[in-house]
Amino acid sequence: MKTLRRTLVLLAALTGVGTAAGYAATLPVGSLHLWGGAQTLTKGTCTLSGSTQTSDTYVQQDHATTSSGSATTMNVQSASGKLHAVFVSFDLSSCNLPATGGADSATLSLRLTTHPVQNRVLTVTPVTSQWTESLTWTDAVGLGYGATTTTVETGTKNNVTLAIPVTVDVDAKIKSSSANYGWAIDDLGAVSGTQTSTFASSENGTSANRPTLTINYEK
Amino acid sequence: MRLFSTTFGLALAVLATFAAVGAAATLVVGSSSLAAGNSAVTSCGVSSLSATRTVDNSGNVTEVDVAGIPAACSGARLSLTLTGSGNSALASATATIGSCGTTCTATFTSLGTVAASNLGGYAFAVQG
């Protein structure tokens, strides 16, 4: 009888241990599933300028078949029947940016050598189809253009650099790995008379005045 | 003597029970710290994640997309932290991963104003 009682007591003790151990197994040890990781970004800057990295020209409504790819200056003009528009693009390939990268900021810099009579708001529109420096007004009419535009004011001072933010366009180009066809710059505002903004081109004799695209990127 | 042995046996049982519960409590603490580490415990097969962000013309982050999430993670919680210099937290958000095909993508849009130039990386946590 004594042996039986001791056995029962020992059994109760073991049952208690087993129950507690079983309870422990249902604690968050089994239900907590976590994974953690990190991704580190690398930063850099790429500056594109000069005739080897830039394609630019301007087209003239009043000279619809004339190409001006070798001109040292380019006009944006608003006048009835005499619109002029600048086209500029850069070869992004030398920046060696992977499609997993992106632009933290991108700035198109154009040197305004001769200001218009009045301050003008110019429209900067991404171009979505290929063109060359032999582009004419007639050709330009048939190109594709993006829906989202940026604007920049000329001011009324000569020899100033206009900094145009184009981060969204460049970021999208990097991610899509698609070719960059640059931007068209127009003066689409209402005007009486003629308003002409003249910019230095990539063939300009003063290298510091040539169009520049500066990209601060991550990858 | 009989009473003593009975009492002793019961005491032993109670002691064993409390000891086991105590051990369980220790397990909880230990497992939490394990889970907080990097890739020590996987749940739905995720082994790495990567994010891409879009920006506005001012250079501020407007959206972050996390891609390559295994479909088995559907229903799990994904926490994203945008980190700056010294791994400081610039912004964070949590989303529940929805149902998807082979791999899932999670999109985060309400991240406040974070300059992309200050963004040094991303930290991820998947819980589910």
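Reader: Which residue follows helix 4 of chain A, and what is its phi?

Author: A:Ser177 follows helix 4 of chain A, and its phi is positive, near 55°. Helices (H or I, at least four residues) and strands (E, at least two) are DSSP runs, numbered from the N terminus. Residues are numbered from 1 along each chain as written, while chains are lettered from A and ligands numbered from 1 in written order. This is a predicted model: local features need pLDDT of at least 70, side-chain atom pairs count only at pLDDT 80 or more, and totals for chains, interfaces and linings use all residues.

Reader: What is the average pLDDT of chain A?

Author: pLDDT is the predictor's confidence in each residue, from 0 to 100. Chain A averages 89, and 85% of its residues score at least 70. Over residues 22–30 of chain A, pLDDT stays under 50.

Reader: Is helix 4 of chain A mostly covered or uncovered?

Author: A residue is buried if 20 or more other C-beta atoms, placed from the backbone, lie within 10 Å of its own; 12 or fewer makes it exposed, and in between it is partly exposed. Helix 4 spans residues 167–176 of chain A and is mostly covered, with seven of its 10 residues buried. Among them are A:Val168, A:Val170 and A:Ile174.

Reader: What do those buried residues pack against?

Author: In chain A, they pack against strand 6 (102–114), strand 7 (121–126), strand 9 (160–165) and strand 12 (212–218). Strand 1 (50–55) of chain B is a partner too.

Reader: How do I read a sheet?

Author: Strands of a sheet pair through backbone hydrogen bonds, either parallel or antiparallel. Here two strands count as paired if DSSP finds at least two bridges between them. One open sheet has four strands in the order 1(A)-6(B)-3(B)-4(B), with antiparallel pairing. Its edge strands are strand 1 (34–40) of chain A and strand 4 (89–96) of chain B, each pairing on one side only.

Reader: How many bridges join strand 3 of chain B to strand 4 of chain B?

Author: Seven bridges join them, and strand 3 covers residues 77–83. For one of its residues, B:Ser79, the bridge partner in strand 4 is B:Thr94.

Reader: Which residues have the most contacts inside the largest nonpolar core?

Author: A nonpolar core is a set of buried Ala, Val, Leu, Ile, Met, Phe, Trp, Tyr and Cys residues joined through C-beta atoms within 7 Å. The largest has 63 residues; A:Ala85, A:Val86, A:Phe87, B:Val66 and B:Phe124 have the most contacts inside it. Beyond four places in sequence, B:Phe124 touches residues including A:Gly36, A:Ala38 and B:Val66. Contact requires C-beta atoms, placed from the backbone, within 7 Å.

Terms used
Contact = placed C-beta atoms within 7 Å.
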